[in-house]
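Please keep the sequence and the coordinates at hand while reading.

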Amino acid sequence: MSQIPDTIVLKRDRDLAGRENEIWVRRGLFALLCLVPVLALLNLFGQHPGTSNAAGAAARLEVYAPARVRSGLLFEARFHIVAVRDLKRATLVLAPGWLEGMTVNTIEPSPTSETSVNGNLSLSLGHIPRGQSYLLFMQFQVNPINVGHRQQTVQLYDGNRKVLELHHTITVFP
Amino acid sequence: MDIALRALFLYAFVVFVMRVLGRRELSSLSAVDLVLLIVLGDAIQQGLTQDDYSVTGAVIAVATIGAVQVASSYISFRSKRARKVIEGEPIIVIQDGGLLETNLKRERLTADDLAEEMRMQQIASFDEVAWGILESNGQISFVKK
């Protein structure tokens with residue numbers, strides 16, 4: 001046998017004594033790595049939108065928005081209101097979680113007025129006749145340093161009367 | 001602060017990925033490996049500085065990665081156990097002209113890969129090789145008979 005190079009230990013570096021588990025550790029970690037894209041495909045890290053519903057005697061509300069997003073991404077939230085009864089002064093009230101660390105790119109159609117009510121964003125939508133629906137689109141971008149979990153409650157008012165409330169949450173991944 | 005944290009996390013993640021992928025990808029530059037390195041770099045950049053185009057942001061990112069790099073090399077220098085984890089250990093793949101199939105299989109190396117490396121080091125035949133060692137940096141060193 002040729003002279004063994006310095007610092008090489010045959011038992012360890014050729015016969016791999018004491019290193020038998022290394023390959024399994026590596027394979028295990030590799031499996032863990034493969035799990036990331038699988039979980040991503042399952043929408044664990046966003047941003048596939050989902051639908052949340054709420055219904056009351058006067059109206060139905062459907063919010064189509066992602067529950068998980070990542071920082072920097074653009075996303076849309078769609079608010080679909082169906083008036084079961086006449087809504088004279090429909091107002092959509094959004095919890096601060098909709099705006100915290102988010103850039104609102106556009107709101108279409110533009111509400112007749114916007115104001116703050118107890119820290120919430122209040123959007124006056126005007127009159128929605130009975131049986132008709134109102135579709136409001138909001139386009140957002142997640143600010144890069146926005147990370148965490150936020151409540152995005154949506155309330156629908158007719159004047160000062162609360163018609164319904166819908167609970168929605170969003171998780172922002174870094 | 002977030003850039004420093006992102007740099008720290010991404011550095012650790014890339015080291016983890018490179019260790020898991022195996023040492024051959026560290027040194028070889030086949031078409032597939034080249035794509036991996038380019039895509040890795042580009043993907044990391046997006047997550048590292050995001051929309052920060054400032055010089056300050058770049059300085060923070062580079063300084064953090066530089067500091068972590070020195071820290072990890074210091075830890076490797078001080079601790080043999082850490083060195084094994086961070087850098088890996090050499091593996092003998094040829095002894096006295098004979099291929100060690102178990103070790104080759106473990107590192108996803110073929111006889112053709114070895115022959116190619118040997119040719120690049122002006123070695124024509126396995127018979128000329130006393131020791132072939134896959135080093136921890138992914139390169140293969142050959143000790144002639």
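Why does B:Asp96 count as exposed? In this predicted model, B:Asp96 has 12 C-beta neighbours inside 10 Å, and it therefore counts as exposed.

## Residues with positive phi

B:Asp96 sits in the loop between E1 and strand E2 (98-99) of chain B, and its phi, near 50 degrees, is a positive value in a residue other than glycine.

A:Thr7, likewise not a glycine, has a positive phi of about 70 degrees and belongs to the segment before helix H1 (10-14) of chain A. A:Thr7 counts as exposed because it has 7 C-beta neighbours inside 10 Å.

## Cis peptide bonds

The peptide bond that joins A:Gly46 and A:Gln47 is cis, with omega about -5 degrees, and A:Gln47 is placed in the loop between helix H2 (22-41) and strand E1 (49-55) of chain A.

A cis peptide bond also runs from A:Glu108 to A:Pro109, where omega is near -5 degrees; A:Pro109 is found in the loop between strand E6 (102-108) and strand E7 (113-117) of chain A.

## Domains of chain A

Chain A is divided into domain 1, covering 10-41, and domain 2, covering 49-173. The C-alpha centres of domain 1 of chain A and domain 2 of chain A are 47 Å apart.

## Nonpolar cores

The largest nonpolar core has 28 residues, of which A:Ile81 and A:Leu156 touch the most other members. At least two residues of this core come from each of several strands of chain A, namely strand E2 (59-66), strand E4 (74-83), strand E5 (87-94), strand E8 (120-128), strand E9 (133-142), strand E11 (154-158) and strand E13 (169-173).

When its neighbours within four places in sequence are left aside, A:Leu156 is in contact with A:Ala59, A:Leu61, A:Ile81, A:Ala90, A:Leu92, A:Val163 and A:Leu164. Another core, of twelve residues, lies apart from the largest one, and among its members are B:Ile92, B:Leu109, B:Val129 and B:Ile140.

## Contact between the chains

The contact between the chains takes 18 residues from chain B and 15 residues from chain A. On the side of chain B that touches chain A, helix H1 (2-21), strand E1 (91-95) and strand E3 (129-134) of chain B each supply at least two residues. Sorted by class, this side of chain B has ten nonpolar, two polar and six charged residues.

Key
Residues numbered from 1 in each chain as written. Chains lettered and ligands numbered in written order. Predicted model: local features only at pLDDT ≥ 70, side-chain atom pairs only at ≥ 80, totals over all residues. Core = buried A, V, L, I, M, F, W, Y, C linked by C-beta atoms within 7 Å. Buried ≥ 20, exposed ≤ 12 C-beta atoms within 10 Å, placed from the backbone. Helix = DSSP H or I, 4+ residues; strand = E, 2+ residues; numbered from the N terminus. Contact = placed C-beta atoms within 7 Å. Domains from an automatic or database assignment. Nonpolar A, V, L, I, M, F, W, Y, C, P; charged D, E, K, R; others polar.
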